[in-house]
Each structure stands twice: as C-alpha cells, then as structure tokens.
Amino acid sequence: MDSLTQIVLGAAVGEAVLGKKVGNKAMLFGAIAGTIPDLDVLTKYFTNDPISAIEMHRGFSHSILFSLLFAPLFGWLIYKLLPRAGASWQEWSWLMFWGLFTHPILDSFTTWGTQLFWPFKMRLAFMNIFVIDPLYTFPFMVFLIMAIRQKRTSEKRKKYNQLGLIVSTSYMALSLILKFISYQKFTDALDEQEINYLQIDTRPSAFNTILWTANIETDNAYLIANYSFFDSQPIHFESYPKNRALLGKLVNNEKIKRLTAICEGWYIISEKNGKLYFNDLRFGLMSFDKTENRFAFSYLLKQNGTTLEIEETPKDSKDAKKLLAGLWNRIWGN
C-alpha cells in the first residue's frame, strides 16, 4: 500500500512489540522497518528497462526471506546505535522482523500483490483493497497519534494502539466480505445475460470499497464492468477485443513474454496512429467515460530494427482530476 499506510502500520507494530520498554523509539524504528521494503522502487534509477523495474518491485524486499535475513542485521545496528535504550539486540531484531514482515502481508491484499514467497514465481494478490484507502489509514493513524501522546507505561497507550490495529484489521476483513458480495453480483449478472466466460477477476476501485470493477475473459475479448453497492440498474459489460493478432511475430519476443507474465495474461493490444500499445487490464481505465479506452498502465511498443523498446505512456494531473470526478459520480450508483 502507500508509504503513509505502511509507516502507520510499522509504527503500530513496533509499539505492540517493544513500546512498553523503549517508548516512542519502538514506533520510530517500526515505521522505518515498514518503509524499508518499498525502497526497491529506487531500482528504476539504475535500469533503463521499465520491465525490469516492474519485476523488481515487490520482489525480494517483500519476501519472507528478506525479513528473516535482514531483521537480525537491522536489530544489531539499532542495538549498537542505542545501547542504553533498554532492549537487547534480539528484541530489536524481533521488532524489525515484524515491521518488515507486516509490510508485504498488507501489500498482498492489494491489486498489485507481492512476491511473499520469493524466489518462487508466485505473486500473492487478494485484490480486496486499493493501494490507497483513507478508511483503512486515517482511523488507524488517529489511534496511533493518540497512543504516542501517552506515557510509555500508560495503559491508555497500549489500548489506543490496540484499537488502531483492531479497527484497521476489521476494515480489511470487511473488504474481503464486500469483495465476495460484489463477485456474486458480477457472476449472477453474467449468468442472467447468458454470457459465457473463461475467468473473472474483481477488485475495488480507487480509494474505496463501495465501487468494484470486474475483468472478465471471453474467447476473443475482455469484458469490463463496474458495480456499486448503491447501484439500481443492471450491471453493464463493456467489451474490449484482445487483438493479440496485432502483435504478429512480437508475440514470441522475450519482453512481450515478460510483460504478459507481469500482468498474468490480463492484457489487450491496441493500435493508434500506427503505433501498438500493450494495455495492462488489472488497474482499469483512466476514465469512467465509455467513449475513452485509455488504460492506467499502457506501454508503447517501439520496434527499432530487430530491437523492441518498451515505454510506459505518461500520465498527467488532468487524467487524475478527470478520473476522480468520474469515480465520485460513479460511486453513488448508476
């Protein structure tokens, strides 16, 4: 999830593990531990290949192995830095382990998911919460702020921190229930409209768990539909042809195969002004306007002789404003 959420979670976990012994230092180093796995985004500055940067994100640094290997090292460094803080290096290591480990656990509930079991090529993604969800983060943060204002030995401090963890975890559990309900709504609509399909993926739209999106694969196309818990009209499925034939010989290109693996096969090919685009369906469209078909993650395929270059299409603030306006209107029903 976003950096703020991971900092809040890391701080709360740090407090739960060692707060009574070392006070606010537990929150500080818990927050640091909750941030460390996402430092893998810096790899994009060391490679000219956007595919490699995507593959590395939420990889090794988000694995159980990383937590096990680096928690003792970070714990030892903190102990050497603060030898009089009142905690042993083993206790600091335990704090760092939970701060590092809960980060990918939280990420596993998002659409992007995480490679928790790296080096095995298995991405864990429950897709029940968006990467930024204010209803998960803000109540959690309020309880954390209330806790930090108390003395480290205060029972109120422990209570507030526990409440933050309970409320955030309860919301996460609720999002799983909402995902199940929305999934049933989509599959019931497909049956009612007698649509044959191969597979279906559902996920929440940006910043909420009221409006849900489904990607449905059929033989020659993908269907995309939205469902809000405030909807009064039947679900409408918009069709997007796969257009895999447009790739031609590129279908066997190594970079195309890597992109296909990243998006787990959920993609379409589009052509505009003589240019080919690889569109990742998992993160949806950039607009709720049915006349537009620009996807959040789209890659321009540029063939230079025998070399294929991949460029992610840029997004600007106008795109975000239009998406947010459409999202707000769509949440309240069709």
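In which loop does Gly86 lie? Gly86 is placed in the loop between α4 and α5. The model is predicted, so that local features require pLDDT of at least 70 and side-chain atom pairs count only at pLDDT 80 or more, whereas totals for chains, interfaces and linings use all residues. Residues are numbered from 1 along each chain as its sequence is written, and side-chain values use heavy atoms, with hydrogens and water left out.

The chain comprises nine helices and eight strands, defined as DSSP runs (helices H or I, at least four residues; strands E, at least two) and numbered from the N terminus. The radius of gyration is 22 Å, close to the 20 Å that the globule rule gives for 334 residues, so the chain is as compact as a globular protein of that length; the radius is taken over C-alpha atoms, and the rule is 2.2 Å times the number of residues to the power 0.38. Along the principal axes, the C-alpha atoms fill a box of roughly 65 × 50 × 35 Å.

Buried residues account for 47% of the 334 residues (buried, under 20% relative accessible area; exposed, over 50%; partly exposed, in between; 1.4 Å probe, protein chains only). Of the contacts (heavy atoms within 4.5 Å) between residues at least 6 apart in sequence, 56% join residues at least 24 apart.

The largest nonpolar core contains 19 residues, and those with the most contacts inside it are Leu18, Val22, Trp92, Leu95, Met96 and Leu100. Such a core is a set of buried Ala, Val, Leu, Ile, Met, Phe, Trp, Tyr and Cys residues joined through side-chain atoms within 4.5 Å. Two or more residues each are given to this core by α1 (3-22), α2 (24-35), α4 (64-81) and α5 (89-107), with α5 giving the most, six residues. Beyond its neighbours within four places in sequence, Val22 is in contact with Ala85, Ala87, Trp92 and Arg152. A second, separate core of 18 residues includes Leu9, Ala11, Ala31 and Tyr171.

Two individual sites complete the description. Thr5, located in helix α1, is buried, with a relative accessible area of 0%. Its contacts, leaving aside neighbours within four places in sequence, are with Leu106, Tyr136 and Thr137. Gly86 is partly exposed, with a relative accessible area of 46%. With neighbours within four places in sequence left aside, Gly86 is in contact with Lys21 and Glu91. The C-alpha atoms of Gly86 and Ile132, 46 residues apart along the chain, are separated by 36 Å.
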